[in-house]
Every structure is written in C-alpha cells, then in structure tokens.
Amino acid sequence: MPAQQSFSIKQARRLALAAQGFGVRPSTAAISSAQVNRMIGRLGLLQIDSVNALVRSHYLPLFSRLGNYSPQLLDQAAWSQGHQRRLFEYWGHEASLLPLAMYPLLRWRMQRASQGQGIYGQLARFGQEQQATIRRVLACVEEQGALGAGSLSTRQERAGPWWDWSAEKHALEWLFAAGEVTVAGRRGFERLYDLPERVLPAAILQQPLLDEAKAQRGLLLHAIGALGVATEKDLRDYFRLSPADGPVRLAQLLEAGEVQRCEVEGWRQAAYCLPAPKVPRKVEASALLSPFDSLVWERSRTERLFDFRYRLEIYTPQHKRIYGYYVLPFLHDERIAARVDLRAERALGRLAVHAVHEEPQGLDEQGMMALAANLRQMAQWLGLEQVQLNCPRASAQRLRGFL
C-alpha cells in the first residue's frame with residue numbers, strides 16, 4: 001500500500017484554489033456562454049441568495065473567477081427556454097443553480113422529500129396534512145403553466161414577514177422539493193413554477209433512477225473534485241449530505257480507490273483527495289468573493305485553510321457588527337488578505353466602499369493595487385461609473401491612492 005500523502009497548508013490552498021477554478025481567467029475580452037457553463041460545471045452549483053445590496057450572490061462567483069462576463073449569460077443558462085438552458089434550480093447547497101447533468105444525482109432527494117424526509121419540519125407537516133391543497137395547486141400549474149405563488153394565493157389577510165407563506169406557497173415549495181414542479185423562470189426574484197417535463201430536457205428526465213448510494217457517491221466525487229482536498233464534513237456539506245449518508249459513501253469510494261486519504265498540515269481531521277493530485281506551483285488570483293462562494297461557505301474549512309474567521313453580519317444589529325453589512329473577502333496571493341464592505345448605489349451610479357479591513361499580515365503595495373483593480377472592474381461590471389470610498393480607516397486611505 002502506498003504511503004499516505006501529506007500536504008503543507010500552502011499546498012492544500014493551491015489544490016483548493018485550482019479546484020475552485022481560480023488562476024485560469026481567460027485571456028479573451030469577451031466571456032462566452034461556453035466558458036460560463038464550463039465554470040459552473042466545474043463548481044457543480046451556485047448558491048442563490050436574495051440579498052441585492054451589491055448584486056445577487058449567484059452572479060458573483062463567475063465574476064470572481066472569469067472577470068467581466070455578462071450576467072445575461074447566467075440568466076440564459078438558468079431560465080431560458082430550449083437548448084440554451086443548461087441549469088436547473090434545486091436544493092444543492094441550500095437553494096442552488098446546478099448543471100442539468102446533476103439532476104439524476106438529486107432525484108433521490110426529491111423522492112425522500114415526497115415522503116416527508118430531508119425537508120424542514122413545517123413543510124414536512126404541511127405535506128402530511130394538506131395533500132388536498134397540494135393537489136389543487138398542482139392541478140393549477142398543470143392547467144395554467146408557469147405560476148408564481150402570489151397568483152395562486154387565496155389568503156385574504158395581509159402577509160406577515162417573509163417566512164409567513166400562504167398555503168399555496170407552502171404547496172408549491174413542497175411540490176418543488178418533491179420534484180413534481182421545477183422553476184421555469186423568475187419574475188423579479190419570484191420563482192415561477194411549472195411541470196418538469198415542460199421545462200427540462202426529456203433526455204434528462206428519462207434517465208433511469210439511480211439508487212441512493214450511487215447518486216450520493218456521485219455527489220461526493222463531484223464535491224472532492226471541486227474542493228481539491230477536504231475533510232469528510234467538508235465533502236458532505238458541499239451538497240448537504242447527512243451525517244448518516246456521507247461517511248458511509250465516502251468509505252465506499254475509498255474502498256473502490258476513487259478517493260484517497262491524505263494529511264494536511266495543521267488539520268486534526270483526516271483529509272481526502274482524488275488519486276494522484278497535481279499541486280500547482282502557484283495560483284495567481286486576486287478576487288472579491290461572495291459571502292456565499294463555495295470557496296468560503298463552509299466557515300470551519302475557511303478557518304483551517306486560510307486562517308480566516310468569517311461570519312455573515314447581515315442579520316446582526318448594526319451596532320453589533322464588526323466588519324459591516326455585506327462584506328466580501330478579498331483573495332490575493334493565495335490567502336484571504338482583507339475584507340471589504342460594499343454596496344451598489346445604483347441611483348448614484350457608484351460602488352460604495354463602506355469599510356476596508358486588512359487581515360493581520362496586511363496588503364503590500366501590489367495587494368492594494370490588486371484590490372483597487374478589482375473594485376474598478378466590479379464597478380464596470382455592474383455598470384457603475386465610479387468607486388466611492390466612505391471608509392476613514394488607514395487601509396482605505398492607502399487604497400485611495402491606487403483608485
């Protein structure tokens with residue numbers, strides 16, 4: 001048996017960054033739909049989030065890796081009709097956009113949801129108790145085509161907070177989790193639901209149903225390819241596999257030789273990678289990262305890999321925030337070197353920088369130049385005319401000289 005492979009923390013970072021598609025920005029000025037689709041295929045999914053303080057999160061990972069691409073290319077892949085559609089929405093890592101090729105790997109999750117498993121308690125209870133409402137809503141979708149929850153609601157009283165769904169919204173979400181409807185498109189940010197056979201290619205829907213074990217192994221293999229090197233928890237978190245399923249499937253992949261165990265400097269947990277991994281000599285990448293980027297969404301992994309503690313403060317009262325409302329980590333020189341609180345002030349045509357926080361090692365002159373370049377490029381990508389620095393910190397004053 002060959003000796004177990006060991007990686008330094010620098011090597012682990014390079015494996016992870018390369019696996020996540022950093023350091024391969026294309027040289028051409030115009031990013032094509034093929035490049036966008038290849039990158040999404042490499043990542044396996046883009047997490048969707050509704051916050052629009054800067055731009056909705058699912059658009060950002062492609063910008064971080066490819067640069068100034070047209071967001072319409074993602075819209076086309078996600079919500080167009082016909083052969084241009086390459087993605088579908090489902091519960092991957094939270095609400096996600098996934099390549100159509102991943103659909104067969106998630107049908108077991110849909111089956112479980114139809115049996116009340118793997119979905120949160122309130123929706124599971126609704127599925128048990130409100131089948132008449134669910135079937136009525138499904139009949140409306142069958143008859144009328146793509147519908148939003150608002151057009152079906154029979155509730156007379158005013159809606160409460162965002163989680164205060166109508167019965168029809170609950171029904172649609174149950175049907176969506178069970179795979180009986182899918183997202184045909186969006187109106188603003190509202191989902192429009194339709195039957196899968198009217199939205200997704202027949203060749204995808206007609207594929208034989210995979211058993212759970214094979215599908216879950218497929219998801220883990222995709223996760224390890226997208227992460228480069230990872231612990232068991234990191235791997236199952238990528239597609240939200242349960243603690244009951246993840247370790248068993250990983251053991252099966254190890255036994256089959258499709259995955260190998262390894263060690264990473266400073267990690268207490270065992271790590272895993274694909275056989276014969278190639279560690280890049282260097283990964284040259286500078287990028288502003290979405291709070292929901294797959295490089296950093298597993299916070300304990302981000303700490304182990306980059307020595308970077310990151311918490312989202314959107315839902316933290318303003319006076320208790322440490323770094324800001326919508327804070328993007330800044331990747332530079334194979335480390336996360338700073339974090340920047342950004343806002344798109346569309347009416348004023350500017351990208352507002354409300355705070356710049358360097359990590360302890362700080363940013364040298366080249367790092368500040370790279371951050372300034374990223375901010376200018378982001379403003380251009382968002383169609384904003386200028387970058388506005390609103391931060392009194394010394395880091396921002398240094399940055400000002402490069403803007």
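**View 1. Strands S12 and S13 side by side.** In this predicted model, strand S12 (residues 350-358) and S13 pair in the parallel sense over 4 bridges; two strands pair if DSSP finds at least two bridges between them. Helices (H or I, at least four residues) and strands (E, at least two) are DSSP runs, numbered from the N terminus. Look for Val-353, whose bridge partner in S13 is Leu-389.

**View 2. Leu-342 in the largest nonpolar core.** A nonpolar core is a set of buried Ala, Val, Leu, Ile, Met, Phe, Trp, Tyr and Cys residues joined through side-chain atoms within 4.5 Å. Buried means under 20% relative accessible area, exposed over 50%, and partly exposed in between (1.4 Å probe, protein chains only). The largest such core has 109 residues, and Leu-54 and Leu-342 have the most contacts inside it. Helix H14 (residues 365-381) gives the largest share of this core, 8 residues. Leaving aside neighbours within four places in sequence, the residues in contact with Leu-342 include Leu-54, Tyr-326, Val-353 and Met-378; contact means heavy atoms within 4.5 Å.

**View 3. Helix H2 meets helix H4.** The axes of H2 (residues 33-43) and H4 (residues 71-79) come within 10 Å and cross at roughly 65°. Axes are lines fitted to C-alpha atoms, for helices over the stretch in contact, and angles run from 0 to 180 degrees between N-to-C directions. From H2, the contact is made by Ser-33, Val-36, Asn-37 and Ile-40; from H4, by Leu-73, Leu-74, Gln-76 and Ala-77. Val-36, Asn-37 and Ile-40 are also among the buried residues of H2.

View 4. S2 and strand S4 (residues 94-99) are joined by 2 bridges, and Leu-46 stands opposite Leu-97 in S4.

**Notes for all views.** Residues are numbered from 1 along each chain as its sequence is written, and side-chain values use heavy atoms, leaving out hydrogens and water. Because this is a predicted model, local features need pLDDT of at least 70 and side-chain atom pairs count only at pLDDT 80 or more, while totals for chains, interfaces and linings use all residues.
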